[in-house]
Amino acid sequence: MSHKPIFIGKSEANFKTRIVAGDEIIIGNENFYKISNSDGLRPFFMSMVSDSNHWMFISSNGGLTAGRKDCDSALFPYYTDDKITESATITGSKTIIQIHKKKKILLWEPFSDSYQGLYEIQRNLYKNSFGNKIIFEEINNDLELTFRYEWNSSNLFGFVKKATLSNNSSKNKSVTVLDGIQNILPYGLSAELQNSKSNLVDAYKKNELEAEIGLGIYALSAIIIDKAEPSEALKATITWSIGLRNPKYLLSSLQLNNFRNGLPIEQEIDIRAEKGAYFTFSEFKLKSKESKNWMLVANVNQGPAAIVNISEKLKSIKNLQQEVLADIELGTKNLIQLTGNSDGLQVTNDKLRTSRHYANTLFNIMRGGIFDENYNIDKNDFSKYIEKGNKIAFKNNEIEMGKLPNTFSLKKLKEIAQQNKDLNFKRLCFEYMPLKFSRRHGDPSRPWNKFSINTTNEIDGSKILD
């Protein structure tokens, strides 16, 4: 028999004035900057970077947008700052916890402002010094519990949300946790379509669960086009979770109020015409001072082969968690190397000044890119650039370019340009810049460049978001 959840609190509402403070701390051998009582500040905007093509803009209240490559490959809707902040309750991370105490159920919804004053809480915000990890933490002093979740990125697996629930008390606790993400976008939506016709888009959404492995698949029933022709949606957004024992899964937010009211929750297998979500529903016990960890992973633009591949991995999850964590750390190493190649790493007695220099250098190379392999040039990339820049010049010099080694120096390129009488080819040689990493962490609505770029018409740092 279920019991209606109740809230507990002190005889007076918990509206104490809290001091907002910043400090450097170490978590897991990594430097983080901590903002204590971060909810005492007006919500502010941040970006989370990666070494790959991820982009994430996130508000300090948890509202966010994210995706890979560009705004038309979004995991969450690509909106403006104000809309992202306002949508924190319906987009991104959501966690609701029931604490079972004798015949009572105590309800706690971390990071929700709907229950202000009912509990004595503290919210803290952390961002690592490399800019690719963000942690949200809420400490409930009345319930003696701490919940935190951390956003990470993985080149192989997508976006990773790591969650931890800790028992701070001297007694064991029995809890039921509903945790996940909301407002997941399927593949095949442009940002323009999502912004202008979101209600129509919802009608085409199809959320399916592979129940045996807990894999959520989010697709469109058909690509939305204004033409009388068939257009199948052959790719999807996927989500999955590991770390919880025998959980149930939800594919939408339709049953959240049932959970809040202590009503039974039924696993969802197939949900149509509703905003996508992915929630795990699990009951477990926490011993005194014990913590429970789990992770949720989401990725966009996944074809049938990629879905089959991750499905096989989920059938044998023994090494999957370590594989995800290893790829996250590899991304951090790659990010450090990229910044170090542009002299972004310093060692001084002033750690804040050192972090500031690193951030300045990082955002500079994210705007304009960085030269790869010590200015060495890849022949295939150079040929593609010439072909795109001037087809006639490419055709006239195709044989000569074919004789080039697979990798050659900038000095060699200058010699080629000086000796060539084709003025268009010569111009393109001098304009060519073998840059990588350019603008992929700025505003994703701007073009994303994987290969070389032409500085005369491609780079515009004034329109890039930090």
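If neighbours within four places in sequence are set aside, L165 is in contact (heavy atoms within 4.5 Å) with I97, W108, T146, F147, V175, V177, F284, L286, E290, S291, K292 and W294. Together with W108 and W151, L165 touches the most other members of the largest nonpolar core, which has 43 residues. Such a core is a set of buried Ala, Val, Leu, Ile, Met, Phe, Trp, Tyr and Cys residues joined through side-chain atoms within 4.5 Å, where buried means under 20% relative accessible area with a 1.4 Å probe, protein chains only. Apart from it lies another core of 18 residues, including I217, A236, I307 and V324.

The model is predicted: local features need pLDDT of at least 70 and side-chain atom pairs count only at pLDDT 80 or more, while totals for chains, interfaces and linings use all residues. Residues are numbered from 1 along each chain as its sequence is written, and side-chain values use heavy atoms, with hydrogens and water left out.

An open sheet of 5 strands (E runs of at least two residues in DSSP) has the order β7-β6-β12-β18-β16, with antiparallel pairing, two strands being paired if DSSP finds at least two bridges between them. Because β7 and β16 each have a single partner strand, one side of each is left without a neighbour in the sheet.

| Edge strand | Residues |
|---|---|
| β7 | 104–108 |
| β16 | 248–250 |

β16 pairs with β18 (residues 276–286) over 3 bridges in the antiparallel sense, and K248 stands opposite F281 in β18.

In helix α8 (residues 379–389; a DSSP run of H or I, at least four residues), the buried residues are K379, D381, F382, S383, Y385 and I386.

Methods:
Buried means under 20% relative accessible area, exposed over 50%, partly exposed in between (1.4 Å probe, protein chains only).
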